[in-house]
Amino acid sequence: MEHKTGFCLETIPGNCGAVLFGATGDLSARKILPAFLNLHRMKLLPKKFYLAACGRSDFNSETFRASIKEKLHRACPGVSGEELAAFLARISYFRADYSSPLFFSGLSAELDRLDAENGVYKKRFFYLATPPVSFLPIARHLKESGLLLEPGDRDGWSRILIEKPYGFSLTSAMELDKELCRSASEAQIYRIDHYLMKETIQNILALRSVNNIFECTWRRGFIDNVQFTIYEELGVEGRAGYFSSMGTGRDMLSHIFQMVAIIGMELPSSFKDAEFKQEKERFFSAVRKFTASDIVKNTVRGQYAANDRPAVPLKGYRQEPGVEPDSVTETFFAFKFFIDNDRWRDVPFYVRVGKRMAAKQTKIVIQYKEGDGGLFGFAGLDYSNTLHMNIQPEESLILSLNTKHPGPKLCFTKRNIKLNYRQHTEEYDVPGDYERLLLDVMAGDRTLFVSSGDMNFMWEFITPILELWKERPELAPLILYPARTAGPKEAGLLIKRDARKWL
Ligand SMILES: NC(=O)c1ccc[n+]([C@@H]2O[C@H](COP(=O)([O-])OP(=O)(O)OC[C@H]3O[C@@H](n4cnc5c(N)ncnc54)[C@H](OP(=O)(O)O)[C@@H]3O)[C@@H](O)[C@H]2O)c1
């Protein structure tokens, strides 16, 4: 019999009510409601719990439940009829008018009723899953209708969970922050970046902390460069309206820099919210900002074009429904940057992010410096060790080693040690990223949410790039690449120029 030993800490959410604005939307159907259902199936929802779904569409509780039943079946294929029925019974629907104080006062009375029925008593979180235009009106009305309790209120707690995008520029993100803080305090705001909730990302922190061989060598002197790849096979998929105002730079900004921080930050003295965020912000303050010539030299922007080669030809971005035929929105972004601190000085960090790429893949690769070969220096081995951290769809760690080939001859070969992150059945049955963020907000754990300081750093970093692309496009031209390929060749040149290659 196998014994599990050692440290094990579990997030246990307290009894509460969840209020979901935008409950009729795409994200709710594909991610949020299935995540609630999965938690219900795993018995990880609090015993005393209700879900108040809000939307402007004309449903009542019964018709709303009927409308999501099939979608939930599709999103959670293994769910039994009984599990689904028990979960749906915990949902009530309220028809919303986000501009009306009457709606919010009515909602307040309904939530008091649900509190009393479920024995929850003013412990509620409000999930803003509407388009960003209504984030502020909802927050304001929540405050004015008395639905947001002050932090430290003995009667209960109120938390706001807010989807991306958090602003469209540095100015709009700061305005959103300022306005939101009139309604809620920073300690009540949970800004989502679901990448931080991924098991594979959290495993990087664990890998660094509890494996001395990595933490000792996680620095300049040992590491030659670090590479980040976030590739999607899909294009805009009906979200052209949203994407055309964002582009890949804005859309992926938070995912990119949260991943970069997990690799680059100093490990905090404890895994407590304040210390974790403080180290992350300290790290961001060491990221070297781009000058205009850095932008020209160290960024590449691209857009997918039609590709007639496959049996079924693929549309370009400009041919997608809802996209302007002369759109210059980037669907690909690559850049190189440096961190000015003792750990990372002179180690280049390379990032490439794109839509409509050959394959879906998110990974981080650490390339170690080449050694001199020691005893076998005369053999002129020209390969270095690499550590591949595959985030999705594959979830694995691969460490490449140079080994002696078996047999009497002296020759070397590169071999991999591979750890599949989910090998055993119980490892498949753990909460996913949306489940994790729901658990954390219910438990009041803000560690894995994005701070106001993180947001400011990210927008400060990207704003000059976006401005130069707009104002001096000839200095950093938009490069077209055929859909479902490796992206612009200029992204290859960005790294090749440094006598390196993408791994
Ligand atoms: N979809 C994704 O993959 C994804 C990924 C990451 C983040 N997000 C973010 O998550 C949020 C929701 O995304 P989504 O794709 O679900 O959005 P959506 O489908 O466009 O909108 C969600 C719901 O909000 C309501 N709504 C639409 N326009 C509104 C407006 N002007 N004011 C108030 N409510 C409005 C609609 O429901 P009613 O008409 O019934 O009220 C709609 O069903 C957005 O902020 C988005 O940026 C989405």
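Tutor: We begin with a definition: axes are lines fitted to C-alpha atoms, for helices over the stretch in contact, and angles run from 0 to 180 degrees between N-to-C directions. The model is a predicted one. In it, the axes of helix H11 (residues 273–285) and helix H15 (residues 452–471) are 9 Å apart, and the two helices pack at an angle of about 15°.

Student: Why is H11 called roughly parallel to H15?

Tutor: Angles under 35 degrees count as roughly parallel. The angle here is about 15°, and therefore H11 is roughly parallel to H15. The crossing of these two helices is left-handed.

Student: Which residues of H11 and H15 meet?

Tutor: Lys280, Glu281 and Phe284 in H11 meet Gly453, Asp454 and Phe457 in H15. The criterion for such a contact is that the C-beta atoms, placed from the backbone, lie within 7 Å. By class, this contact of H11 with H15 has three charged, two nonpolar and one polar residues. Gly counts as polar in this scheme.

Student: How many bridges join S12 to strand S13?

Tutor: S12 and S13 (residues 396–404) pair over four bridges, again in the antiparallel sense. His388 stands opposite Ile398 in S13. With three residues between them, S12 and S13 form a hairpin.

Student: Where do these strands lie in the order of the sheet?

Tutor: The order is S14-S13-S12-S11-S7-S10-S9-S8-S15, an open sheet of nine strands with mixed pairing. Strand S9 (residues 332–337) and strand S10 (residues 349–354) pair in the antiparallel sense over six bridges, and Ala334 stands opposite Arg352 in S10.

Student: Why are strand S14 and strand S15 said to stand at the edges of the sheet?

Tutor: Strand S14 (412–420) and strand S15 (478–482) each have a single partner strand, so one side of each is left without a neighbour in the sheet. On average, neighbouring strands of this sheet are turned by 15° against each other, direction ignored.

Student: Which domains does the assignment give for the protein chain?

Tutor: The domain assignment gives domain 1 (16–163) and domain 2 (198–431 + 451–496). Their C-alpha centres lie 35 Å apart.

Conventions. Residues numbered from 1 in each chain as written. Predicted model: local features only at pLDDT ≥ 70, side-chain atom pairs only at ≥ 80, totals over all residues. Parallel < 35°, antiparallel > 145°, perpendicular 65-115°, else oblique. Left-handed = near helix turned anticlockwise from the far one by under 90°. Contact = placed C-beta atoms within 7 Å. Pairing = 2+ DSSP bridges. Domains from an automatic or database assignment.
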